[in-house]
Amino acid sequence: MVDVTTILAGLGDALSLTNLLFVIGGVALGQFIGALPGTGPVMAMAVAIPFTFVLDPLAAISFLVGVNKGGLFGGAIPAILINTPGTPDAAATALDGHPLAKKGKPVKAMKMALFSSVTGDTFSDIVLITLSAPLAIIALQMGPVEIFALMIFAFSIIAGLIGDSITKALIAAVLGLFCAMVGLDPEHGTPRLYFGYFELFDGLPLTAVAIGMLAVAEIFRRLANIGKSILPTIEIPDTQDAWDKRVSLAEYWACRYVMARGAIIGTVLGAIPGIGSTAAAFMSYASTKQTSKDPDSFGKGNIQGVAATEAANSAVVGANLIPLLAIGIPGSITAALLISAFKIHGIQPGPLLFEQQGRLIYGLFGAMLMANLMNLLIGQASLRLWARIISAPESLVFSAALVLCITGVYASTGGMFGVAVMLVFAILGYVMTSFGYSVVIFIIAFFLGNKLELSLSQTLVILNGDPLAIINFPVALALLLLSIFSIVWLGYLAPRRARKRADAYNNNPE
Amino acid sequence: MLLNRLSGAFVVTLGLLLYFMIIPMHTEVVDYGWMRPQSIPNACAILFVFLGIVQVLFPTGATSVGFFELLRVSLFAIVTMAALWAMARYGFLAITPIFVGALMLLVGERRIGWLLGGVVVLPLTIWLTVVLLLDRTLP
Amino acid sequence: MKLKGLFLGLITWLLLSVPAFADWTPSGPITLQIGFDAGGETDTLGRVIAKEMESQTGWDIVVENKPGGGGIAMFTGIAVAKPDGQTLGMGVNMPILVNLVLRGDKLPFNLESFDYLATVARAQVAIIAKSDAPFDDLAGLIEYSKSNDGALVAFDAKPQELLMKYVDGETGAGFKLVSTKSSAEAIQNLLGDHVIASFAAGAHIPYIESGDVKMIASANASRHGYAPDTPTVVEQGYEIYVDPYFFIAAPAGLPAETKDTLAKALHNAITSDAPKKAIVNALKTDPSDLGPDGTQKMLTEGVGNVKKLFGK
């Protein structure tokens with residue numbers, strides 16, 4: 001539908017020197033902001049958008065795409081180095097990335113994150129460029145009923161993250177769901193549980209809760225545990241084997257199935273508007289863990305855990321643009337920000353976008369691929385920089401991280417209120433962890449809770465209140481069956497198999 | 001095990017409080033639709049009571065409550081709270097150096113170079129970047 | 001913030017030897033608060049207007065985001081700010097009016113808490129259906145609903161739902177109303193055949209151009225510029241409409257001079273090229289500044305209309 005000259009012209013625009021500079025600037029900025037505790041790609045983009053108004057459309061969008069892609073990898077850095085993820089996806093990366101860093105292999109963990117992130121991203125970009133039109137049509141078939149079933153499926157993957165107590169995991173999940181209920185209810189728009197704070201009409205601010213629970217709680221714990229002699233935050237032994245600072249081709253190749261699965265999960269979920277990367281990251285992580293020959297090694301520094309999550313959450317980003325470019329529907333917050341950037345430049349995303357703006361879109365595709373390459377190149381340099389910064393003493397690193405979290409949440413929620421919410425949830429997060437309740441499960445349920453309630457409400461209207469009418473929705477039915485299967489498999493069969501193997505090993509430790 | 005039972009009891013209390021007091025007081029009654037504003041919150045409250053009772057009767061899972069750590073964490077939380085309050089009143093640039101200095105001294109940092117980095121360089125860099133470069137506001 | 005205010009205030013005071021508006025000049029930076037998140041449309045419009053105003057008047061204007069309840073959180077703060085013309089707020093009228101009507105006793109402000117300065121533009125709310133739908137107007141949709149055991153209609157905001165319930169109450173059409181979070185989500189459900197009709201505020205226009213979607217009615221008080229042949233809901237026989245306006249207000253009690261100067265400055269900014277382009281791009285409609293009196297009238301009349309929406 002778009003002729004070759006347009007495609008070539010678009011790609012040529014993307015490769016122009018000015019445009020490359022904007023891509024490089026965007027990626028570098030995104031990586032840097034993403035790597036600061038307390039900020040992430042969403043905030044980086046929101047801050048950058050008003051500045052792009054003066055640029056020409058392609059430069060503006062290339063810059064924003066660069067910021068987004070850079071920010072996504074950048075987010076993995078504090079998660080790995082000091083275990084202070086700013087988003088639920090990064091929390092999945094931290095599960096295995098941080099133990100690796102503690103073992104003195106932070107560079108290896110970050111490199112794996114970088115390689116798998118770029119791999120997943122490139123895969124989904126290629127899918128976007130080649131298959132976006134048919135995929136978007138399929139994505140449109142996912143109506144509220146199917147989305148509801150998909151949300152149930154997303155919740156079912158929590159089963160793969162249950163630790164030593166099913167009861168506690170369930171309590172954490174219900175608590176997360178309950179906290180998502182604060183604010184306007186999705187069906188009637190009446191405010192709930194806002195206790196007189198009008199800031200809570202829109203619900204508890206996501207970033208404030210995530211950063212409080214995941215990052216600030218950990219910062220408090222680390223500050224509290226600084227002993228008599230203050231150590232560098234992460235020490236890389238001088239005698240370390242050079243291979244511990246690299247990811248060898250063999251190691252990369254060994255993760256090929258893990259990354260492929262992550263990239264496919266991320267692309268599929270990304271193409272469906274409104275699911276988001278949290279579900280993709282954890283789905284990929286949980287399935288990698290349970291199909292592994294050694295599921296017990298996850299959470300203790302298995303590099304496959306890093307590869308699985310980073311490949312999946314980066315793949316979501318490219319795929320989020322499938323519904324955006326093909327039919328004009330934003331699939332995520334970042335995609336919605338891109339839409340508002342498009343609109344300010346007079347470009348209306350919608351069905352006619354390829355016809356009216358073909359050259360620009362192919363320019364965007366070119367910029368995305370360039371951004372992936374730049375992410376890889378700049379990432380190599382920036383991870384060395386961060387590995388060096390992190391050798392500063394813990395006293396400074398964690399104090400600075402705390403101030404950055406305060407600043408980041410202040411800027412993204414627009415005031416002290418969000419910062420106060422962050423502090424409350426930091427304390428809650430600390431108490432929950434101390435008593436053995438998983439904050440990661442809480443956060444997943446919290447992030448998915450709103451969408452679950454909304455799609456449940458839509459589903460009930462469509463089914464006219466009759467749950468059995470779901471028979472007429474085969475895709476939804478299949479997804480619900482898949483959820484039951486995944487709960488049984490992830491929560492019961494796989495752990496039992498692992499225990500059996502562990503017992504067998506303990507009995508004959510030959 | 002005691003701690004596990006205690007946390008279970010807390011969850012039961014939370015569930016009861018939510019169901020009988022907080023949810024009725026803080027939701028509005030709507031008279032149409034399949035889902036009401038309180039449907040899912042009430043379901044959560046009931047689950048809290050049920051799961052909490054299970055945890056009290058059959059406590060499972062590990063806990064890692066350290067008295068000393070808890071005390072120090074509370075200290076840092078209180079310092080942070082005070083700093084936030086002061087920041088809202090006197091501004092970011094005036095309070096952050098004191099805040100960072102207090103944190104670093106509390107954990108026992110005495111090396112002057114690192115202290116200066118936290119007290120002078122850090123707040124100034126953040127302020128310059130956010131306010132002058134990005135044109136956003138700080139407290 | 002405090003220090004910056006002092007510092008910049010001093011500079012402004014030193015530099016502003018020849019102010020653009022002689023009758024009143026701010027003694028420090030003006031804060032324009034936006035009732036929505038950073039990066040959204042309202043935010044960007046506010047920033048473009050602030051920038052234009054800055055360059056036209058030489059004042060220092062700081063833009064802040066105060067999201068929460070579609071502007072309720074922000075206006076709560078504005079209501080108690082000092083009426084010195086240095087704190088302004090930009091929001092949308094519908095969430096304010098809805099909350100004033102439904103739970104006015106719980107809000108710490110009412111319409112008298114503010115001095116109104118300007119409107120920026122009006123959002124274009126339409127009822128749409130896919131081009132191959134077996135009806136072309138509201139009457140057809142109602143007929144379809146009756147003969148098909150209730151038509152699924154997606155809405156993207158409370159007032160739109162109420163408008164549809166009003167029509168339902170008048171006709172007994174039996175609409176089944178599906179709540180969505182945005183126009184985009186509503187259109188997605190429409191295109192995927194999950195609903196038969198839907199509301200949309202501007203995002204539908206490209207689909208009308210492409211021929212995927214047709215317009216059933218304008219839900220505003222008047223017809224839309226891009227679809228002059230589609231009648232409004234009122235014209236189709238139901239005395240009800242929604243008119244979401246972006247507007248700018250200040251705390252009540254502004255000195256008359258200050259109010260005049262600000263209103264003029266805002267008017268000049270809103271109607272000049274860069275903001276106009278941004279408004280047309282974002283909302284698919286021309287800027288419309290009703291002026292201080294017009295804005296006040298729009299809000300007071302809005303209360304009556306919203307009361308009607310809620311059947312009060």
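Colleague: What does the model rest on, and how is it numbered?

Modeller: The model is predicted, with local features needing pLDDT of at least 70, side-chain atom pairs counting only at pLDDT 80 or more, and totals for chains, interfaces and linings using all residues. Residues are numbered from 1 along each chain as its sequence is written, chains are lettered from A and ligands numbered from 1 in the order in which they are written, and side-chain values use heavy atoms, with hydrogens and water left out.

Colleague: What makes chain B more spread out than a compact globule?

Modeller: The radius of gyration is taken over C-alpha atoms, and the globule rule is 2.2 Å times the number of residues to the power 0.38. Chain B consists of five helices and zero strands, in the order α-α-α-α-α from the N terminus. Its radius of gyration is 23 Å, well over the 14 Å that the rule gives for 139 residues, so chain B is more spread out than a compact globule. The C-alpha trace of chain B spans about 55 × 45 × 20 Å along its principal axes.

Colleague: How is chain B divided, and how far apart are the centres?

Modeller: Domain 1 of chain B is 2–57 and domain 2 is 67–133, with bounds that come from an automatic or database domain assignment. The C-alpha centres of these domains lie 38 Å apart.

Colleague: What is counted as contact between chain A and chain B, and how much area is buried?

Modeller: Contact means heavy atoms within 4.5 Å, and it takes in 60 residues from chain A and 67 residues from chain B. Buried area is the accessible area (1.4 Å probe) that two parts lose on being put together, summed over both. For chain A and chain B that is about 5,500 Å², with 75% from carbon and sulfur atoms.

Colleague: Why is the pair B:E69 and A:R221 called a salt bridge?

Modeller: The term requires a side-chain nitrogen of Lys or Arg within 4 Å of a carboxyl oxygen of Asp or Glu. B:E69 and A:R221 are 3.8 Å apart, N to O, so the pair meets the rule.

Colleague: Which polar contacts and elements go with it?

Modeller: There are 16 residue pairs in polar contact between chain A and chain B, both residues at pLDDT 80 or more. A polar contact is a pair of N or O atoms within 3.5 Å; within protein, one must be able to donate a hydrogen and the other to accept it, and residues adjacent in sequence count only if both atoms are side-chain atoms. Among the elements of chain A that each supply at least two residues to the side touching chain B are helix 10 (206–224) and helix 17 (394–413). Helix 17 gives the largest share, ten residues.

Colleague: What makes a residue on that side nonpolar, polar or charged?

Modeller: Ala, Val, Leu, Ile, Met, Phe, Trp, Tyr, Cys and Pro count as nonpolar, Asp, Glu, Lys and Arg as charged, and the others, Gly among them, as polar.

Colleague: What does the interface of chain C and chain B hold?

Modeller: Here 14 residues of chain C are in contact with 13 residues of chain B, and about 1,100 Å² is buried, 48% of it on carbon and sulfur atoms. The rule finds two salt bridges, one of them between C:R103 and B:E28 at 2.6 Å, N to O. The side of chain C that touches chain B has four nonpolar, one polar and nine charged residues.

Colleague: How many salt bridges lie between the two domains of chain C?

Modeller: The count is zero salt bridges, and also zero residue pairs in polar contact, both at pLDDT 80 or more. About 690 Å² is buried between domain 1 and domain 2 of chain C, 80% of it from carbon and sulfur atoms.

Technical notes:
Helices (H or I, at least four residues) and strands (E, at least two) are DSSP runs, numbered from the N terminus.
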